[in-house]
Amino acid sequence: MVKSVRFFFLSVTIILAILIFGSHQDIFAQAGTSSADFIGTITDEQKNIISNAEVTIKDLKTNLSRVVATDEKGSYSIRQLTPGKYEIRIQADGFQSYVQEVLLQVGTIGVGNISLKVGQLEDVVEVSANAGVIESNKTESSSNVDAKAITSLPINKRNFLDLTLTAPRVRIDRTPPQGVATNSGFSVNGQSARSNNITIDGLDNNDLGSGIPRSAFSQDAIQEFQIVTDNYSAEFGRAVGGVVNIITKGGGNSFNGSSFFFFRDESIAARDSLAPFKTPFEQYQAGIILSGPIKKDKAFFFTSFERLSLKQGVVVTVSDQVINAFRRQGFQESNGSVPSGVGNTSFLGRIDYLLTPNNIFNVRYNYGGSFDGAFLPFFGARTQSAGG
């Protein structure tokens, strides 16, 4: 028994050491940016404050509940909440109970200034409308893209970062893509697309050398994200352009799963305006997600897998004389329509474990793999390469 306990604690220590020190990249935590807050004041119908009222907020997905009491000014504050749908319940002696659903988004502060009616505690007043969300102590200009927008808005290749273009002062970056080391694809306030700061669950997701996003995530693995374009606080920082604050999905008390497969054939593709003929093109995209409880109200899991494959013809415009010179040196080059492939694979696994009502242990593993068979598309003089 003693050996088993020692082995358990040794295993946990090793895992934590790997998570903290195992990466060669620096990891920057961003406190408060990956959560939401809920604050407010409780009064009676005559606007008199009610102290010691019990305020309970419950996550409708996991049944995680937190309880606080109002102070002598009738105020309450619940910090560091996971973004999502909640039920707020308020109870006080001599007053009817109050129940309302609220939707809290990442980086926002939900405000519930609620007036209780005199009556029995067993009587319940249910309100269907969501509480308002404001930014009471922040000066930045930001926009939120929720799960409904991510799943319903049409985007090519399911790159959810394209939805940043719905925010003001965000434009498409016109820099030509250069192989697998492409930038974020959008410019904020006219700055370079390599000057944006992209965070995942409050952690840095930027390559320090090139400024590109470090790892790709499946659209189905994203719960919501926030675009901050101006006057962001110091907890974000590290950006000349904008900040994209992304939250990944977690599991809940019910099992959920879905799959998809998209196919685009060359028969419905148009000819490139600069090409004398239509080049071959096929696009395949498939994925699957699965989530649910490991132990109800205690531990949850979420997994997602996605694969994008492109089979296309790259038009090589190098002259015949240059191609012949290549071949005399032993390089097997050719011009015209040359077959080329592009592939992207992403996988995410996440586990959430409720340690205490105020503490959640979270482990997330993400894999992103990318291959580009037309690695260096410099302007129109394209030729084959080994890929990247």
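Let me start with Ser 187, which, leaving aside residues up to four places away in sequence, touches Arg 169, Val 170, Arg 171 and Asp 173. Please keep in mind that we are looking at a predicted model. Ser 187 sits in strand E13, which covers residues 186-188, and with a relative accessible area of 9% it counts as buried, because that value is under 20%. A polar atom of its side chain lies 2.5 Å from the backbone oxygen of Gln 191. Along the chain, Gly 241 is 54 residues away from Ser 187, and yet the C-alpha atoms of these two residues are separated by 7.1 Å.

Let me step back to the whole chain. It has three helices and 22 strands, and of its 388 residues 40% are buried.

Now to strands E1 and E4, where two pairs can be described together. A search of the whole structure finds seven aromatic pairs, and one of them is formed by Phe 38 and Tyr 76, a tilted pair with 6.1 Å from centre to centre and 35° between the planes. Phe 38 belongs to strand E1, residues 36-44, and Tyr 76 to strand E4, residues 75-81, so that the pair links parts of the chain 38 residues apart.

What is the relative accessibility of Arg 79? For Arg 79 the value is 38%, which counts as partly exposed, whereas Asp 37, with a relative accessible area of 15%, is buried.

Another salt bridge joins Arg 158 and Asp 220, whose closest N and O atoms are 2.8 Å apart. Here both partners come from loops, Arg 158 from the one between helix H2 and strand E12 and Asp 220 from the one between strands E15 and E16, so the pair ties together parts that are 62 residues apart in sequence. Arg 158 is buried at 12% relative accessibility, and Asp 220 is buried as well, with a relative accessible area of 13%.

Let me finish with the surface around strands E21 and E22. Phe 347 and Tyr 365 form a tilted aromatic pair, 6.5 Å from centre to centre and with 50° between the planes. Phe 347 lies in strand E21, residues 336-356, and Tyr 365 in strand E22, so this pair ties together parts that are 18 residues apart in sequence. Which residues form the nonpolar patch on the surface? The patch is formed by Ile 288, Phe 305, Phe 347, Tyr 365 and Tyr 367, which together have about 500 Å² of accessible area. Phe 347 is partly exposed, with a relative accessible area of 33%, and Tyr 367, found in strand E22, is partly exposed at 40%. Finally, Asp 201, Arg 350, Asp 352 and Arg 364 are linked in a network of salt bridges.

Terms used:
Residues are numbered from 1 along each chain as its sequence is written. This is a predicted model: local features need pLDDT of at least 70, side-chain atom pairs count only at pLDDT 80 or more; totals for chains, interfaces and linings use all residues. Side-chain values use heavy atoms; hydrogens and water are left out. Helices (H or I, at least four residues) and strands (E, at least two) are DSSP runs, numbered from the N terminus. Buried means under 20% relative accessible area, exposed over 50%, partly exposed in between (1.4 Å probe, protein chains only). Contact means heavy atoms within 4.5 Å. A polar contact is a pair of N or O atoms within 3.5 Å; within protein, one must be able to donate a hydrogen and the other to accept it, and residues adjacent in sequence count only if both atoms are side-chain atoms. Patches are made of residues with over 30% relative accessible area and no salt bridge: like charges are joined within 9 Å, nonpolar side chains (Val, Leu, Ile, Met, Phe, Trp, Tyr) within 5 Å. Accessible areas come from the Shrake-Rupley method with a 1.4 Å probe; for residues, only the protein chains shown count as cover. A salt bridge is a side-chain nitrogen of Lys or Arg within 4 Å of a carboxyl oxygen of Asp or Glu. Rings of Phe, Tyr and Trp (its six-membered ring) pair if their centres lie within 6.5 Å; planes under 30 degrees apart count as stacked, over 60 as edge-to-face and the rest as tilted.
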